[in-house]
Amino acid sequence: MTLQRTSAEAALAADYAARRPVLFGATKMRDDAMARFLEAGLPNRRVEEWHYTDLRARMNEAAPLRSADAAAIGAARERLTSLELGEAIVVVMLDGEFNLGLSSIGARPQGVEIGSLATALLDPANADLIAPPGLGEADSIVSLNAAFVQGGAFIRIPANMRVERPIALVNLLSGGPRHAAYTRSFIELGVGASATVWEISENSGGETQANDALVIKLGDLAECDHIAQVHHRGEKSIAVHTLLATMGRSARFDSFALVKDTGFVRRQMFARLEREESHIGLRGLSLLRGEEHADTTLVIDHAAGHCESREFYRTILDGSATGVFQGKVCVRQGAQKTDGGMKSQALMLSDDATMYNKPELEIFADDVVCGHGATVGQLDDNQIFYLQSRGLSRAEAQSMLLQAFAQEALDHIADETLRERFASEAHAWLSMRSKA
Amino acid sequence: MLEIKNLHASIGDKKILDGLTLTVKKGEVAAIMGPNGSGKSTLSYVISGREDYTVTQGEVLLDGVNLLDMDASERANAGVFLAFQYPLEIPGVATMTFLKAAMNAHARANGQSELQTPDFMRRVREAAQKLGVSQDMLKRPLNVGFSGGEKKRMEILQMALLQPKLGILDETDSGLDIDALRVVSEGVNALRAPDRAFLVITHYQRLLDYIKPDTVHVMARGRIVKTGGPELALELEKSGYKDYVGEAA
Ligand SMILES: Nc1ncnc2c1ncn2[C@@H]1O[C@H](COP(=O)(O)OP(=O)(O)OP(=O)(O)O)[C@@H](O)[C@H]1O
Ligand SMILES: [Mg+2]
């Protein structure tokens, strides 16, 4: 069953054939992935998981890959300075490629392995690590990423090591003509290791097509805080982000994502809780306006019992923006005593905005506690009146309630510095609105 | 100070205030009593500018200025304060942040500079102590999870900080225990001043034992049907509203 290929799909097929000889390593992984991609095509409305985010319709043309030139590197260096990454260990991918010159990994603790994915894949055994079997394999955009991946970070943290400084993974796309970039990074936390991973993904405006994947492998008792910042400006930009996480016994993974000023983004997270007693918390705040489209899709696979999963997403929508939340929690037959709770709450500031909420539970075990709630609402007039009756102007009252709505999501960020940083970004977004 | 003349207000098709006239002088404490559903809370909302109600006729003047031309925040900054019958919970808004925003809004509206933080903290702490509002309550989001009585104390705390010209207390006594009733009443009495007036809505003489009214007004079917001195409240306590509601039929 081959469908008629769109011109973007045909271009991707041709581009892959042309590039195959020059793409580094993992040829089998790439070929297999490309075959899966061509079988399925670009995700579209007829694919259930992509029903509300029709990438095939959005992606009229496939943009070419591009290697950063000196000007792009200079601009990236400036941007990195203005990002104020502080003490972080910084790994930079520019236009899809790992860039050691822009990275600063000198501060990594001894024993922590940080390098380029291309180098790591010289050892064929590592190819299995960056594509965990059964996780996101059916998703054609994950396949496309595996086929085209240009570069990424390859990080291993040895057992029982606590990495105090955050590890910043910065995926930058330079400006200029339309182009695409594919990265895939891998982080392994050994038994009892812990780290904070701070993922920043941004373009410099324009018609960029970014496809990033992050693979996280948590050993038994490992703990990871993951903070993601997505910032892909441009009405015609496309950003697709995939997180693939596997978790060992008593491991903890807490993730928070801030999405704002992004034209079109799909963030999808596939997590498998493979052993007992682990905890996963996925949370985020999306601030959308204009014509922006942001999709958060989660698939949590409770493969072992006695684990806990929590999802909490808040979305503020203005203009004619579109928000999508899809959360699927699967509890396998043997996964007794699973404790799952999922919430998605959206606040609509405009009649033209749209929010799609689709929580889903697939439960095959009988002794579990799982719940979900999804709400779409507006600011409460009674609350606005209460604040006004204390002298706050209507605009001040609205702004205070919006800040509060955002803050309740941001409060889940454990790291105080990052929490305050995100809070001030959210604040800036909201105050821009009240001035408008 | 407050002059309400022939006020008519409705919500949707439902007429609630029906030609209400009431005058409250500077320094006066006016009690309003009346059966459930007679429109007391509605009156308090209409004075403070809630938008759900449509005023179809009449005037509400505060020191000669027509309040009906202003929105709720302008009225608040002009000196109207409503202590709500059911104060709202505002999740995510820290109580202190809210108090500061309200006090600064008043300062700005009155051409004063905003409060310095230490000054603000001191004023809140003093007022809180008098009203038995704990530090723990001040640290929580506004009214969230507060007991009924705690919410009422918080309302009076806000009134003490904002120093209105006209304080409207809508059943502030409901939900207060015996000790809290005394503490809150003392808080209100401390605010009594020659240039400040109060409208005290209540069902019970109990509150009026503490906050002694100068005048008592009976409200029924959307208007004031009888006005008298403190003795009127005592009479109502004995005889109820049957003499007033009967006319409705
Ligand atoms: N939003 C509304 N929609 C419809 N009817 C309303 C609304 N608000 C008030 N009313 C009606 O208006 C009338 C007056 O209500 P109000 O709350 O002012 O009474 P009240 O005198 O304060 O009563 P109580 O002593 O029980 O507090 C009632 O019949 C009430 O049902
Ligand atoms: Mg009432």
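The side of chain B that touches chain A takes its largest share, seven residues, from H3(B), helices here being DSSP runs (H or I) of at least four residues and strands (E) of at least two, numbered from the N terminus.

Please keep in mind that this is a predicted model, in which local features need pLDDT of at least 70, side-chain atom pairs count only at 80 or more, and totals for chains, interfaces and linings use all residues. Residues are numbered from 1 along each chain as written, chains are lettered from A and ligands numbered from 1 in the order written, and side-chain values use heavy atoms, without hydrogens and water.

Between chain B and chain A there are three salt bridges, and B:Glu51 forms one with A:Arg394, their closest N and O atoms being 3.9 Å apart; the term asks for a side-chain nitrogen of Lys or Arg within 4 Å of a carboxyl oxygen of Asp or Glu.

Turning to the metal, B:Ser41 (OG) and B:Gln85 (OE1) coordinate the magnesium ion, ligand 2, at 2.0 to 2.3 Å, donors being N, O and S atoms within 2.8 Å of the metal (3.2 Å for Na, K and Ca), with water not among the atoms, so sites may look incomplete.
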